[in-house]
Amino acid sequence: MAGEHSAEPVGLRERDRRGRAATAVAHPNIALVKYWGKRDARLVLPRTSSLSMTLDIVPTTTTVALAPGMDADVVTLGGEPLTGEPLRRVVAFLDLVRVLAGRRESAVVDTRNAVPTGAGLASSASGFAALAAASAAAYGLELDATALSRLARRGSGSAARSVFGGFAVWHAGEGGGAEGDRTSYAEPAGAPDFDPALVLAVIDAGPKAVSSRIAMRHTVDTSPLYPAWAESSAADLAGMLAALRRGDLTAVGEIAERNAFGMHATMLAARPAVRYLAPATLQVLDGVRALRDDGVPAFATMDAGPNVKVLCHRTDADRVAEAVRAAGGCPALVAGPGPGVRVTGGEP
Ligand code: DP6
């Protein structure tokens, strides 16, 4: 009988004292129906539901190692110590995990992005999805995929969707407080009967001037167009789910494009305006329209930055990438649907 003096419990206690470590890998996602606006900033509850495709390129790899002897968390991104607001966000997230796990140890967090951070390529989505999975494993929280999505949401809303591979829908949920927290999570939206690709026009790989967090709050607070976009977004989501079910890439693309233009319209109408679109953004958008005029189904979406992501059939992706490079004078990457977050390593 395993008792007080058996080897097993002593071994566990010893391991607890040393601390545990876990590594997780997550991929970015690109929203086709956007998340733009919160109804609760602390719980990261969105005003609208959204839908995205998780990519198979530029993942984030994060290791969380418990460090019982240290009195503060240490976080590095690409080998450099994180400071200021980004550090504060990671520490606040770890505080949440510690409360859920009933533990107090500090942690050493090492994060590596295969893409420049803050480039409008959704590194906060992959970042907080990887941090959620790695920290949950390191602190011994056993979460199913829904609970992990809810946890990742608290770090960055879009991270809730990167928990899942392929297409994912993030439900806004209902109400506030505990009810809102329980009902706001992402889940798979089903695999469509077409082979999609997203071509990423990297117009600017530098950090963005205004974070999406600040820009979306300013938009909700000051843009007279915001309520109209939020209302039409619900119809966009219903239309997109139906288009995905019937495998209609053209309908998916048309809805994605109008939803993104609408989101940028809300920002342009904010007071003062938030404008992420650059001259090269418009050149790429012209290039996408020219592709359509030539009979290639290609549809654009843009996030909180000047970069353009072009949805098309996989078989057209090389041609689309060539056209995008020529139109924007910028590099272009081709991505397909990628996997959900996974824990790749445990005890070192
Ligand atoms: C334009 O998820 O980065 O990419 O929840 O404040 O961290 P926070 O915002 P974040 O916003 C993403 C906004 C977007 C659209 C989307 O991904 O749906």
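Predicted model: local features only at pLDDT ≥ 70, side-chain atom pairs only at ≥ 80, totals over all residues.
User: Which residue ranges make up domain 1 and domain 2?
Analyst: The chain is divided into two assigned domains. Domain 2 covers 197-335, whereas domain 1 is made of two segments, 2-189 + 337-347.

User: How far apart do the C-alpha centres of domain 1 and domain 2 lie, and how many residues of each are in contact?
Analyst: On the side of domain 1, 31 residues are in contact with domain 2. Domain 2 contributes 42 residues to this contact. The C-alpha centres of the two domains are separated by 26 Å.

User: What area is buried between domain 1 and domain 2, and which residues of domain 1 lose the most?
Analyst: The size of an interface is often expressed as the accessible area lost when the parts come together. Between domain 1 and domain 2 this area is about 3,000 Å², with 72% given by carbon and sulfur atoms. In domain 1, 29% of what that side buries comes from the three residues that lose the most area to domain 2, namely Leu-32, Lys-34 and Trp-36.

User: Which residues form the salt bridge between domain 1 and domain 2?
Analyst: The count between the two domains is one salt bridge. A salt bridge requires a side-chain nitrogen of Lys or Arg within 4 Å of a carboxyl oxygen of Asp or Glu.

User: Which element gives the most residues to the side of domain 1 that touches domain 2?
Analyst: Six residue pairs are in polar contact between the domains. Strand E2 (29-33), strand E5 (50-54) and strand E10 (167-170) each give two or more residues to the side of domain 1 that touches domain 2. With four residues, the element that gives the most is E2.

User: How does the side of domain 1 that touches domain 2 divide by residue class?
Analyst: Five charged and nine polar residues belong to this side of domain 1. The nonpolar residues there number 17.

User: At what angle do the axes of helix H2 and helix H4 cross?
Analyst: Helix H2 (residues 84-101) brings Arg-89, Phe-93, Leu-96, Val-97 and Leu-100 against Leu-151, Ala-152, Arg-154 and Gly-155 of helix H4 (residues 145-155). The residues of this contact comprise six nonpolar, one polar and two charged. The two axes come within 9 Å and cross at roughly 145 degrees.

Notes: Residues numbered from 1 in each chain as written. Heavy atoms only, no water. Axes fitted to C-alpha atoms, helices over the stretch in contact; angles between N-to-C directions. Contact = heavy atoms within 4.5 Å. Nonpolar A, V, L, I, M, F, W, Y, C, P; charged D, E, K, R; others polar. Domains from an automatic or database assignment. Buried area = accessible area lost by both parts, 1.4 Å probe. Polar contact = N/O pair within 3.5 Å; in protein donor to acceptor, adjacent residues only side chain to side chain.
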